[in-house]
Amino acid sequence: MVGLRLARWFFITVMCWGSVGALIAEELRSFPSFSSPADLEDAAASRLPLSWTPNESRWRVELEGYGQSCPCVFQNHAYVTTVVGSHKETCQVTCVDIENGKVLWTFVLDSSFPEASTPMISRAAPTPVCDDRGVYIFFESGDLIALDHSGNKFWQRPLQKELGPFVNKFGLSSTPVQTPSAIVLLLDHSDESSLICIDKKEGKTTWVAPRGKRLNSWSSPGLIRVDSKPMVVCSSAGTIDVYDPLDGKRVCTKDDIGGNSVATPYDLGDGRFLISSLIRPADGPSKNATTSNLLARVTHRDTTYDIEVEWIAEEARGSFCSPIEHRGYCYWINPQGILFCLEAKSGKQMYSKRLSCGSCWATPFAAGDRIYLFGKEGSVNVIQSGAEYRELSTDNRIWDKESSSSGDARTAMMSGPVLYGAVSVGNGFLIRRGDALYRVDKISQ
C-alpha cells in the first residue's frame with residue numbers, strides 16, 4: 001500500500017509546487033511538495049525536539065475510523081483522512097487546529113465504491129494536498145473531493161464509477177501532486193490505467209494519459225524540474241515515465257526497472273531524483289528489482305528528453321518509505337529496518353546499520369545535522385547526518401510500547417498501533433497513527 005510508504009510533508013505557506021504555465025526558478029523554490037521537501041536549516045532544526053516520552057505530547061486527537069495517510073497542513077489547519085465502517089462505507093476528512101488539537105470541522109462522504117475494510121487493503125491511504133483555496137482529497141474508493149478551508153465542498157468526482165473499477169488486490173494508495181491550477185493523479189492497476197490531470201477550480205478533467213494494463217502498484221507521482229520546467233515523474237510497476245504537466249505528453253521512459261511499486265520519486269533538483277524498489281520473498285521474483293535503487297537524471301537536449309542513471313545502489317534496498325538525500329548523502333531503509341547511507345555524488349556506500357526502531361513506513365525527516373527515523377511501531381531514532389553512523393537519541397515514543405488506544409478492532413487489525421507519517425510544525429512534529437493524531441514539541445529547558 002502506498003499509504004504505508006508515506007513520506008514527510010514540508011509546508012511553507014501554500015502547499016503547491018510546479019506549474020501548468022511558465023514558472024521561473026524562484027517560484028519553483030518557493031513551493032515545496034510531498035515528494036520534494038525543502039530541508040530545514042540548522043536554526044530551524046534546533047527548535048525541534050531531540051528526544052521525548054509518551055507523557056510529553058502537547059495534545060492528542062482520537063480519530064473516528066482508520067487512516068494511513070499523512071497529515072496535510074495549511075497555516076494552522078491539519079487535515080487527516082479516515083475510512084469508517086466494516087466496508088469503508090464512509091470517507092471522512094477531519095480538520096484539526098495544530099496549536100491546541102481542537103477539531104474544527106469534519107466532512108463526511110458516503111463511499112461510492114465500498115469494500116471490506118481489512119489490513120491488506122488500503123484504508124484512507126492517499127495523502128491530501130492543499131493550497132490557499134482549499135484541500136483536495138482522494139480516497140481509494142475513487143472518490144475525489146475539493147473542500148475549502150471551512151469544510152465546504154467545491155466539487156466531487158467518483159472516479160471509479162467514471163473510469164471503471166480499479167483492479168488492485170491491495171487497493172489504490174496514490175497521493176496526488178499539484179500545480180497551482182490542477183492536481184495530477186496516478187491510477188495504476190491491473191486494468192486500463194492512466195495518469196489524469198484535473199482542474200482545481202471546477203474539478204473537470206484537463207487531460208488523460210493512458211498507461212495500459214499494468215501490474216499492481218501503490219506509488220505516487222513526483223514533481224521534478226528539468227531546466228526550470230516542472231515535470232511529472234512516475235516510478236511505478238516496472239517503468240519510470242516522465243510527463244509534461246501542460247498536456248500529459250510522455251516525454252521519456254525507462255523500462256528496465258523492477259519492484260518500484262511503492263516509493264515516491266524523491267527530487268534532488270536539476271532533473272535528478274531517487275527511486276526505490278521493494279523486494280519481498282512472499283511476492284515472488286521481481287525482474288530488475290535488485291538494480292532499481294538508484295539515482296537518475298532527466299536530461300534535455302534540443303527537443304529530446306532522456307532518463308540517465310547516474311548510479312545504482314549495489315546493496316541498498318527500499319521498503320514502504322521513500323529514500324531521501326540530505327547534505328550530500330542518500331538514505332534507504334529496507335523492510336528489515338536496515339539503514340543504508342550512500343554518497344550522493346558517487347553512490348558509494350558509507351555504512352549499513354540495523355536500526356533499533358525497526359522497520360519504517362514513514363519516510364525519514366532531515367533537519368540540520370539530524371535525520372529522524374520513524375519506526376513503524378512508534379519508536380523514533382535520531383541520528384547525525386553524514387558518512388558515519390552516530391545516534392543522537394533512540395526509542396523516543398509518543399505512545400507506550402504495549403499500548404493500544406482503544407483495544408478495538410481498528411487497532412487489532414494492524415496487530416498494534418502503526419506510525420504512518422510525521423510532519424514538522426513549529427517547534428515539533430505532528431505524528432500520525434491509524435486512529436490518532438499527536439503533536440510533540442521541544443520541551444523548554
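Is R397 buried or exposed in this predicted model? R397 is buried, with a relative accessible area of 9%, where buried means under 20% relative accessible area, exposed means over 50%, and partly exposed lies in between (1.4 Å probe, protein chains only). The model is predicted, with local features needing pLDDT of at least 70 and side-chain atom pairs counting only at pLDDT 80 or more, while totals for chains, interfaces and linings use all residues. Residues are numbered from 1 along each chain as its sequence is written, and side-chain values use heavy atoms, with hydrogens and water left out.

**View 1. The salt bridge of D395 and R397.** D395 forms a salt bridge with R397, and the closest N and O atoms of the two are 3.0 Å apart; a salt bridge is a side-chain nitrogen of Lys or Arg within 4 Å of a carboxyl oxygen of Asp or Glu. D395 counts as partly exposed, at 44% relative accessibility, whereas R397 is buried. Side chains of opposite charge can pair when their charged atoms come close.

**View 2. A network of salt bridges around D241.** In the whole structure, a search finds 22 salt bridges, and D188, R211, R214, D241 and R250 are linked in a network of them. R211 counts as buried at 8% relative accessibility, and D241 counts as buried at 1%, while R250 is partly exposed with a relative accessible area of 47%.

View 3. Four strands form an open sheet in the order 2-3-4-5, and the pairing is antiparallel; two strands pair if DSSP finds at least two bridges between them. The edge strands are strand 2 (72–74) and strand 5 (103–110), each of which pairs on one side only. Strand 2 is joined to strand 3 (residues 77–84) by three bridges, and the two run antiparallel. The bridge partner of F74 is H77, in strand 3.

View 4. Another open sheet of four strands has the order 6-7-8-9, with antiparallel pairing. Strand 6 (129–130) and strand 9 (153–158) stand at its edges, each with a single partner strand, so one side of each is left without a neighbour in the sheet. Strand 7 (residues 134–138) and strand 8 (residues 143–148) run antiparallel and are joined by five bridges. For F138, the bridge partner in strand 8 is L144.

View 5. S319 lies in the loop between strand 21 (304–312) and strand 22 (324–326), and S319 counts as buried at 2% relative accessibility. Leaving aside its neighbours within four places in sequence, S319 is in contact (heavy atoms within 4.5 Å) with V262, S276, S277, L278, I333, N334, P335 and C360.
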